[in-house]
Structure formats: C-alpha cells, structure tokens
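Biologist: I am new to this structure. Please pick one part and take me through it closely, step by step.

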Amino acid sequence: MTTARIAIAGAGLIGKRHAQAMAQAAGASLAAIIDPLPAAAGFAAAAGVPYFPTLGAMLAAGGADGVILATPNAQHVEGGLACLRAGLPVLVEKPLATDVAAARVLVEAAEAAGVPLAVGHHRRHNPLIAAAKAMIAGGEIGTVVSVHSMFWLFKPDDYFDVAWRREPGAGPVFINLIHDVDLLRYLVGEITAVQAAQSSAVRGNRVEETAVLTLEFANGALGTANVSDTIPAPWSWELTSGENPAYPQSSEACYLIGGTHGALELPAGRLWHNAGKRGWWEPLSARIGPRPSGDPLVLQIEQFARVITAAEAPLVPGREGLKTLAVIEAVKTSAREGCRIIVQN
C-alpha cells in the first residue's frame, strides 16, 4: 500500500496530537515538523524527521506529499495558499480562517487549482457520529424538531499564558463551539439564522468565555447551544465522548436531538421513545444504539492519506468548513449587534 508522507506545520497542542495519531495511522507517515519555535526542533528530532522553521523552507526542500496546518488561526489562509501553489493537498485545522471572506479565498483557490483542501472537523470521522447520523437518517427519531448542545468545562489559568488565546478569535466560540456547530449541521441540516449573546465577565480578557445562542435550521428545526470555558462541569464532547484520553470521561450527554418519534442522547447513543402510542402519559423506554469505536484523529489522517494517494474526496472538504465558519461568524455578529442574523454562506 502506498504511504502518504505528511508534514505537520505547528508543534503546539493539536500539532503534537496529530503527530501521535500519525504514528498509529495506516497509510501515512510523518514527513517533517514545521514551527518557528526552537523547541520544535527537539520534537522533530525525537520523532526522527526533518525540522523546518518555516513552511516555505519545507516546501522548497520537498519530501512531503501533503500538509496538516495546525498553526494559529490567523496563519491558516497564508499557509494553505502556499501549499496549494506547491500542488500539495492540505488539511487545515478549524477554523478554516478567522473570517468568511478569507476562508472563501482559500476554498476557491483550492477548487480552481484542483488540489484537495480538507478541514480538521475531526469529529465527523468519529464512528459514534456516523452511527448517530445513520439513526437520524433512518427515521429512528422521526422528523427532527429541536436540538440542544452543551459545552461547559474549565480551562485552567495557565492555558491563557499563551497571548493569542486571550485575543478575539481564540475564545470558545471559535475554538470549541465551532465543532458543535459543524456536527449539528452534519446531523440535522443547514443552519439559516442565529441569535446570540456572549460575556467575558469572569476573566475580563478581550475574548468571550461564555456564549448562548439559538439556531434556526433550513428544515424547520430549532436549536440552542450553550458554551463556556469557565465552568467546572461534565457536559461537553471533550468530557463525555472518551475521544481524547487526556480528559476524564463522564457518563453525561452533551447533545440532545429530539424528533416526532423519539429523542437521541449523544455521545451515549441512548434512544428514547414511547413503547406504544406516543403521549405524555405513556411510558418511555430507552435503548442504546450502535457504539462503534475508533480514534477520529487517526481515522482523519488515514482518510487524508487516501485523499493524497487514492484521489478520495475529503470527508470534510473546504466548502463544508466555509459553511460552518459562516455560522460562527453570524454568531459573533449577532452577539455584537444584539439581533437575529441570517447566515450568509
């Protein structure tokens, strides 16, 4: 089987997780580490791969078949365009860019060049999400009526020692809620309008720490989402899915999806319905749906390797990342202006 040589640009938290996943992924090998910080040279040496301080230096040297961009958000478009000019497929960590206009430039450049552009919404690669999507599409809960998403956890003080994490664009709306929004789009359908409010009353940084919002879907469903990184609590994908062993796992739900014939809890996959006729006086019963396992970061890299070597289409192409970012941009606009915003894709 052909092995795709994949370089990683950015040796921070997510870049290192990608490197760990690469070591477990079939059909992929780590080609290089790219990061301007001197400590990254030691990380590359420990991994036994070349080190480059800049993406340009790596592209000039060659030796990679594709690139994962795990750099700060503001560098995604510039780095992505450089990879596209070199003809290298690129997987860009979310968000695709800091704004929709910049993201559109990157997406359209990839489409014009015919070079694959994937977005790191890795939860779509989780087998639990594939099973949930199949249950919803198969009519297990009937017509989706309403959804609720929770992200409550506490990011420790030293997380904010990195300056860019205290600045606009680095808060839980862009960093965390964007994953939830992407999954709600994937599971329920396109989001057409939002209304949101946000606060930074606890830490006082220039970036939000809490946000609440309502969602309107094209199919008529409605939703709510609540996100905060300043609450010690068990209701988040990080603390419920078991996806990342660095987080202590709870047995709580973080997504509730309700339909005309039942309701689904995720990530547990617990399906609620009336055993007989539907009604509020009728007993409810629950069963656990399929719970396939697999590390989504590993599966994402394996799929990206097939994109490179076998011309497989990305599971999350650039235009999907653009649509999710458009919802997040609408959330930020709504919170700033205090009104309902139509999502502009």
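Modeller: Start with one term: a residue is buried under 20% relative accessible area, exposed over 50% and partly exposed in between (1.4 Å probe, protein chains only). A97 sits at 0% relative accessibility, so it counts as buried. This is a predicted model; local features need pLDDT of at least 70, side-chain atom pairs need 80 or more, and totals for chains, interfaces and linings use all residues. Numbering runs from 1 along each chain as its sequence is written, and side-chain values use heavy atoms, without hydrogens or water.

A97 lies in the loop between β5 (90–92) and α5. Helices here are DSSP runs (H or I, at least four residues), as are strands (E, at least two), numbered from the N terminus. Leave aside residues up to four places away in sequence, and A97 touches V77, A102, A103, F174 and L325 (heavy atoms within 4.5 Å). Along the chain, A97 and L213 are 116 residues apart. Their C-alpha atoms are separated by 22 Å.

V77 belongs to α4, and A102 and A103 belong to α5. Helix α4 spans residues 76–85 and α5 spans 100–113. They pack at about 10 degrees, with axes 10 Å apart. Axes are fitted to C-alpha atoms, for helices over the stretch in contact, and angles run from 0 to 180 degrees between N-to-C directions. α4 is therefore roughly parallel to α5 (angles under 35 degrees). On the α4 side, H76, V77, G80, L81 and L84 make the contact. They meet A102, A103, V105, L106, A109 and A110 of α5. By class, that contact has 9 nonpolar, 2 polar and no charged residues. Nonpolar covers Ala, Val, Leu, Ile, Met, Phe, Trp, Tyr, Cys and Pro; charged covers Asp, Glu, Lys and Arg; the others, Gly among them, are polar.

F174, another contact of A97, falls within α7 (residues 172–187). α7 packs on α6 (residues 127–137) at about 35 degrees, with axes 10 Å apart. I129, A132, K133 and I136 of α6 meet L183, Y186 and L187 of α7. These residues divide into 6 nonpolar, no polar and 1 charged.

α6 has buried residues too: P127, L128, I129, A131, A132, M135 and I136. Their cover includes α7, β7 (144–152), α8 (237–240), β11 (255–259), β12 (262–266) and α9 (296–310). After α6 comes G139, with a positive phi near 80 degrees.

Technical notes: Parallel < 35°, antiparallel > 145°, perpendicular 65-115°, else oblique.
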